[in-house]
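Biologist: I have a model open here and would like to go through it with you. Could you take my questions one at a time?

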Amino acid sequence: MTRSPLRPTASTVTHLASGRTPSAGRLAALLLALLAGLLTLAAPSTPARAGAGTDPVGVWPLTPRPAVVHPFDPPDSAYGTGHRGVDLAARPSQAVRTALSGRVVFAGRIAGRGVVVVGHGTTRTTYEPVAASVAVGTVLAAGDAVGSLELAGSHCFPQACLHWGWLAGQVYLDPLRLVGAGPVRLLPLWRDLPTPQVRPWGVPAGRPGAAGRW
């Protein structure tokens, strides 16, 4: 009796014990089952897909919850006009807090406007105009104060408001996503098509009619 090169199954052992050799069809079925088992063991496991909600959970940088004066409106190009963040209604000298835990990577003045930037690993949040109460390198928990709101440099002048930004590298993100208030936008099919530029009367060609918020 010729021995099979494969590991015998219980069914094969029964046939051998009875002195009978498995039929060709039966042997083919056993071979297919064995092959399927080997393929299952050799196949790499597929990692679970990350859930849709991958945004970190943060807190509002102002308390009580502020009104959104100007929403996020990213530009169509790196140098285009738009609103690279959100403006939150506030009052002068109001405490400004970091939305996420992290480390202060900048605290100073840019073009006369007080700015605080907090790093959170792969992203960072920005707060302006703010008189900083923290120094570069300070480690903060979510909700810790970074300074007080200034009126000078406000996007809402003569009213006071906080300009709050969120970036990943050089990409601007909607900071309202950190507090679950970011809108879900369904863009039309023509969203990526070029839009005609309308030049206001009296503005030279090639120059924007007004500076966009940032």
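Biologist: Let's start with alanine 111: is this residue buried or exposed?

Modeller: Alanine 111 is exposed, with a relative accessible area of 80%, where exposed means over 50%, buried means under 20%, and partly exposed lies in between, using a 1.4 Å probe and protein chains only. Before we go on, please keep in mind that this is a predicted model, in which local features need a pLDDT of at least 70, side-chain atom pairs count only at pLDDT 80 or more, and totals for chains, interfaces and linings use all residues. Residues are numbered from 1 along each chain as its sequence is written, and side-chain values use heavy atoms, with hydrogens and water left out.

Biologist: And where does alanine 111 sit?

Modeller: Alanine 111 lies in the loop between strand 4 (102-110) and strand 5 (113-120), and it has a positive phi of about 55 degrees although it is not a glycine. Strands here are DSSP runs of E with at least two residues, helices are runs of H or I with at least four, and both are numbered from the N terminus.

Biologist: What about the phi of serine 93?

Modeller: Serine 93 also is not a glycine, and its phi is positive, at about 75 degrees. This serine is found in the loop between strand 2 (86-89) and strand 3, and at 59% relative accessibility it counts as exposed.

Biologist: Switching topic, which side chain does histidine 163 contact?

Modeller: The side chains of histidine 163 and aspartate 87 are joined by a polar contact of 2.9 Å, meaning a pair of N or O atoms within 3.5 Å; within protein, one must be able to donate a hydrogen and the other to accept it, and residues adjacent in sequence count only if both atoms are side-chain atoms. Histidine 163 lies in strand 10 (residues 161-168) and is buried, with a relative accessible area of 2%.

Biologist: Last one: what is the average pLDDT?

Modeller: The protein averages a pLDDT of 74, and 57% of the residues score at least 70; pLDDT is the predictor's confidence in each residue, from 0 to 100. Over residues 35-52 the pLDDT is below 50, and beyond near neighbours in sequence this stretch has 0 contacts in the model, a contact being heavy atoms within 4.5 Å. Where pLDDT is low, the predicted coordinates should not be read in detail.
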